[in-house]
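Me: I want to know what stands behind the labels used for this model. Take me through them.

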Amino acid sequence: MYKYDGIDTQIIQERVTQFRKQTQRYFDGTLAADDYLPLRLQNGLYVQRHAPMLRVAIPYGMINSQQVRKLADVSRKYDKGYAHFTTRQNVQFNWPEIGDVPDILADLSEVEMHAVQTSGNCIRNTTTDQFAGVINNEIVDPRPYCEIIRQWSTFHPEFAYLPRKFKIAVNACPDEDRAAILVHDIGLEILKNDAGELGFKVFVGGGLGRTPIIGSEIRSFLPEQDLLTYLEAILRVYNRHGRRDNKYKARIKILVKANTPEKFASMVEDEWQHLKNSDTKLTAEEIARVKGFFLEPAYDELTNNPASYIQAKEGSTAFSNWIKRNTHAHKKDGYRIVTLTLKKTGIPPGDVTDKQLEIIADLADQYSFGELRVTHDQNLVLSDVRQDQLFEVWEKARSAGFATPNLGMLSDIICCPGGDFCALANAKSIPIADAIQSKFDDLDYLYDLGEIDLNISGCMNACGHHHVGNIGILGVDKRGQEFYQVSLGGDSGKQASVGKILGPSFAQESMPEVIEKILDVFVANRTDEELFIDTFKRIGMAPFKERVYAKAD
Amino acid sequence: MQKLIKNGLIQTSEEDVLDKAFDGSLPSNSALVPLSYFLVHTDAVLAQSNLGVWIDSDETPEDLAPYADKLTLIAINFPKFADGRGYSFARILRERFGFTGELRAIGDVLHDQLFYLKRCGFDAFAIREDKDATAALEGLGDFSENYQADVLQTSPLFRRRKSLA
């Protein structure tokens with residue numbers, strides 16, 4: 001993991017001081033509420049339905065046990081004893097006082113954490129694959145590039161007041177994309193050219209929200225040293241030409257679409273000619289320096305499938321189900337990647353208590369070199385667990401509530417905070433997730449269904465990524481009543497696609513039944529081993545529509 | 001009078017900012033003329049040392065490229081401080097066109113934007129009239145080190161980190 005030096009520390013401490021003074025000026029009236037707003041947003045501070053909400057950055061999802069303990073501490077000291085992991089690999093506190101936020105930021109800075117640019121019309125947290133660095137099929141570990149982008153985008157003087165928020169994601173797997181790069185403002189795919197040199201395929205203009213669009217490729221190979229100058233060119237074109245008259249048309253995707261990707265690419269190319277040979281061009285030394293923070297931990301030399309592990313799997317169906325669903329192959333023999341699911345029925349997806357945070361930190365220290373990753377589907381990953389210790393980890397995770405073996409299943413729902421917490425929401429989202437999880441709690445049935453992404457957003461801003469859910473649910477307001485629109489066929493992976501709307505929306509209480517009918521159609525039509533998304537792509541919308549909207553007999 | 005932070009000191013702005021649609025006769029007092037006026041009356045404006053040009057956020061700094069070495073004062077307007085186009089304009093004027101005269105931020109110019117404005121090449125700041133310019137001065141020193149290259153520090157931190165450690 002990246003470790004701050006004296007300069008990084010000083011920058012973050014100066015930010016705390018700056019924000020403390022801004023907040024003081026807001027309280028004494030010399031900084032108007034409207035002028036304070038973009039400043040507090042760029043520090044992750046929203047004013048929500050019930051209370052302010054503070055979003056803390058977890059750069060590309062990497063967090064260590066000391067930081068997790070600090071989050072537990074902060075949740076006790078300033079909040080209601082819990083925290084919420086988000087779909088942007090960040091963490092939120094739902095109940096802080098505005099006046100306490102400078103102190104919270106000071107506490108967080110002690111463990112190299114901050115809330116820099118976690119909101120506002122600026123460059124947000126860069127995200128990547130939660131399995132970065134521990135899987136076999138990646139070209140190279142993407143995290144050093146994410147850290148290079150993090151430093152470049154932190155307090156960038158030219159891009160603090162963009163037309164709208166700006167999100168960058170990086171993927172390094174040729175045949176999978178857990179970072180959903182095609183639905184980001186910039187998606188970077190790491191690859192090697194024919195000469196074996198590293199670089200990036202660059203996509204722009206993907207995004208969800210009101211106008212879901214899949215990103216367009218504007219450059220097939222960008223050499224790694226040109227990363228920052230090229231990003232700077234894209235951002236400058238967007239800063240100058242992105243729409244500022246209508247916030248719903250202000251994302252870069254609208255600019256790319258209006259100009260066509262080809263035209264946009266040539267605008268970037270023209271701008272880049274002025275920047276590509278500037279001192280911002282990366283050096284081999286800097287890339288090597290940052291890569292030095294992401295070296296392999298001190299793995300033991302082990303073999304796969306030790307006897308105790310095999311015996312434990314044979315002795316317990318529950319354990320072997322969990323292994324199958326919630327763990328993933330590791331590049332190193334004798335290890336596996338463990339996902340701790342934060343999706344227990346009855347708990348809002350992504351929520352964890354202070355006690356649970358401490359258990360998570362202990363698990364990381366004891367079994368996974370003290371590090372964790374936060375996933376965009378609101379779970380946590382222990383990336384380096386020895387196979388002969390998996391049974392112990394499972395027992396501990398299970399008693400703490402993190403081992404519901406539903407990873408990737410229907411009940412592993414991505415869900416925004418919704419109308420229970422968020423001022424923007426049209427409708428509640430958490431009770432819908434809860435009702436669906438309660439109805440579909442039979443694990444055998446869930447396993448039989450196979451992998452299905454079910455994503456719920458409480459409004460068009462799409463924080464729950466409903467457009468790319470195989471089944472997407474969107475809360476809408478109809479004459480003051482909360483209704484839910486269902487879409488099918490969304491996909492966030494390599495074959496990214498935006499879901500299509502099934503038809504008229506439904507009342508809250510009928511949602512579990514609607515989902516059941518959709519699943520019935522899938523089960524009746526699928527071929528062996530076919531996943532929901534594949535069946536949908538094959539048979540189309542009509543059979544689903546017919547069944548769901550059929551008149552009762 | 002409009003307060004102006006310039007060279008780290010508080011002064012009073014001498015120049016009238018003429019309306020964007022201004023099309024009258026050339027003023028004799030110190031003034032900032034709009035870009036459209038300048039492009040029509042270029043030689044006359046350049047001949048008068050007490051005149052500068054201002055451009056708005058929906059205009060094009062490239063229009064000033066041929067005159068970057070002749071102008072002594074360019075102002076960039078921020079209709080709202082959250083309209084960030086002027087930051088890019090400033091860098092282009094300084095870094096691409098080599099403008100070395102006074103680059104002034106006008107409009108919705110506030111304490112909390114000064115630091116980034118300075119890094120993008122502004123050296124004069126016409127603080128919004130209802131605000132305390134003395135208090136705003138502090139904003140110029142919010143951070144002592146930055147990750148990126150900018151107009152004042154052309155070398156990004158990654159090229160200097162070793163020598164600073």
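Reply: Start with pairing: two strands pair if DSSP finds at least two bridges between them. This is a predicted model. In chain A, β1-β2-β5-β4-β13 is the order of an open sheet of 5 strands, with antiparallel pairing.

Me: What makes β1 and β13 of chain A the edge strands?

Reply: β1 (45-47) and β13 (351-353) of chain A each pair on one side only. Across the sheet, the twist averages 30° from one strand to the next.

Me: How do you know that β4 and β5 of chain A count as a pair, and which way do they run?

Reply: The cut-off is at least two bridges. Strand β4 (residues 82-85) and strand β5 (residues 91-93) of chain A are joined by 2 bridges. They therefore pair. They run antiparallel. As an example of a bridge, Phe85(A) has Val91(A) in β5(A) as its partner.

Me: Which residues meet where α7(A) touches α8(A)?

Reply: α7(A) brings Leu255(A), Val256(A) and Asn259(A). α8(A) brings Pro261(A), Lys263(A) and Phe264(A). By class, this contact has 4 nonpolar, 1 polar and 1 charged residues. Lys263(A) is the charged one, because Lys counts as charged.

Me: What are the domains of chain A?

Reply: The domain assignment gives domain 1 (6-109), domain 2 (127-293), domain 3 (307-400) and domain 4 (414-548). The centres of domain 2 and domain 3 of chain A, taken over C-alpha atoms, are 32 Å apart.

Me: How do you know that domain 2 and domain 3 of chain A touch?

Reply: Residues are in contact if their C-beta atoms lie within 7 Å. The contact takes 7 residues from domain 2 of chain A and 10 residues from domain 3 of chain A. On the domain 2 side there are 4 nonpolar, 3 polar and no charged residues.

Me: What makes up the contact between chain A and chain B?

Reply: Chain A gives 30 residues and chain B gives 31 residues. On the chain B side, α3 (85-96), α4 (114-119) and α6 (157-164) each supply at least two residues. That side has 13 nonpolar, 7 polar and 11 charged residues.

Key
Residues numbered from 1 in each chain as written. Chains lettered and ligands numbered in written order. Predicted model: local features only at pLDDT ≥ 70, side-chain atom pairs only at ≥ 80, totals over all residues. Contact = placed C-beta atoms within 7 Å. Helix = DSSP H or I, 4+ residues; strand = E, 2+ residues; numbered from the N terminus. Axes fitted to C-alpha atoms, helices over the stretch in contact; angles between N-to-C directions. Domains from an automatic or database assignment.
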